[in-house]
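Here is a short briefing on a protein chain.

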Amino acid sequence: MPRPTAAQFAYGSATVVITTVALLLLTGTEALAGVAAVCLAGLALGLLVAAAVPATGRTGPERPAGGPRTGATRATVAAPRPRRAERTDERVGGHSSRR
């Protein structure tokens, strides 16, 4: 299960608080059962709002850093891989202290 984003936390929490306060003021309930029902309704609405906020940046294709922002794909932007050195002394610059 993916972790919620900061936007999902913010929208969900704000919805719970605003909905609960608004419903308590509009209904004018003072009974414990009424307050509990209003709190549960606010929590349910907050969960629905948090789930409806899109989790951006998780499902899109990765774009290489500094690459073009047009429709280019990773394959068209990627640099060729350097060839591997076949001998150890080639990897350290072509010289060795053990000659």
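**Helix packing**

Helix α1 (residues 6-27) and helix α2 (residues 32-52) have axes that come within 8 Å and cross at roughly 150°. Angles over 145 degrees count as roughly antiparallel, so α1 is roughly antiparallel to α2. The crossing is right-handed. The model is predicted.

**The α1–α2 contact**

- On the α1 side, the residues that meet α2 are Gln-8, Tyr-11, Gly-12, Thr-15, Val-16, Thr-19, Thr-20, Leu-23, Leu-24 and Thr-27.
- On the α2 side, the residues are Val-35, Val-38, Cys-39, Ala-41, Gly-42, Leu-43, Leu-45, Gly-46, Val-49 and Ala-50.
- By class, this contact of α1 with α2 has 12 nonpolar residues and eight polar ones.
- No charged residues take part in the contact of α1 with α2.
- Two packed helices are described by the angle between their axes and the distance between the axes.

**Tyr-11, in α1**

- Tyr-11 is found in helix α1, and it is one of the α1 residues that meet α2.
- Leaving aside its neighbours within four places in sequence, Tyr-11 is in contact with Val-49 and Val-53.
- Of these two, Val-49 is listed on the α2 side of the helix contact.
- Tyr-11 and Gly-46 are 35 residues apart along the chain, yet their C-alpha atoms are separated by 7.6 Å.

- How exposed is Cys-39? Its relative accessible area is 34%, so Cys-39 is partly exposed.
- Cys-39 lies 20 residues along the chain from Thr-19, with 8.6 Å between their C-alpha atoms.
- Is Leu-47 buried or exposed? Leu-47 counts as exposed, because its relative accessibility is 57% and the cut-off for exposed is over 50%.
- Leu-47 and Thr-15 are 32 residues apart in sequence, and their C-alpha atoms are 8.6 Å apart in space.

**The whole chain**

- The secondary structure comes to four helices and zero strands.
- From the N terminus on, the elements run α-α-α-α.
- The protein has 99 residues, and 13% of them are buried.
- The protein exposes about 8,500 Å². Carbon and sulfur atoms supply 63% of that area.
- Among contacts with a separation of 6 or more, 49% are accounted for by residues 24 or more positions apart.

Terms used. Residues are numbered from 1 along each chain as its sequence is written. This is a predicted model: local features need pLDDT of at least 70, side-chain atom pairs count only at pLDDT 80 or more; totals for chains, interfaces and linings use all residues. Side-chain values use heavy atoms; hydrogens and water are left out. Axes are lines fitted to C-alpha atoms, for helices over the stretch in contact, and angles run from 0 to 180 degrees between N-to-C directions. Angles under 35 degrees count as roughly parallel, over 145 as roughly antiparallel, 65 to 115 as roughly perpendicular and the rest as oblique. A crossing is left-handed if the near helix is turned anticlockwise from the far one by less than a right angle, and right-handed if clockwise. Contact means heavy atoms within 4.5 Å. Ala, Val, Leu, Ile, Met, Phe, Trp, Tyr, Cys and Pro count as nonpolar, Asp, Glu, Lys and Arg as charged, and the others, Gly among them, as polar. Buried means under 20% relative accessible area, exposed over 50%, partly exposed in between (1.4 Å probe, protein chains only). Accessible areas come from the Shrake-Rupley method with a 1.4 Å probe; for residues, only the protein chains shown count as cover.
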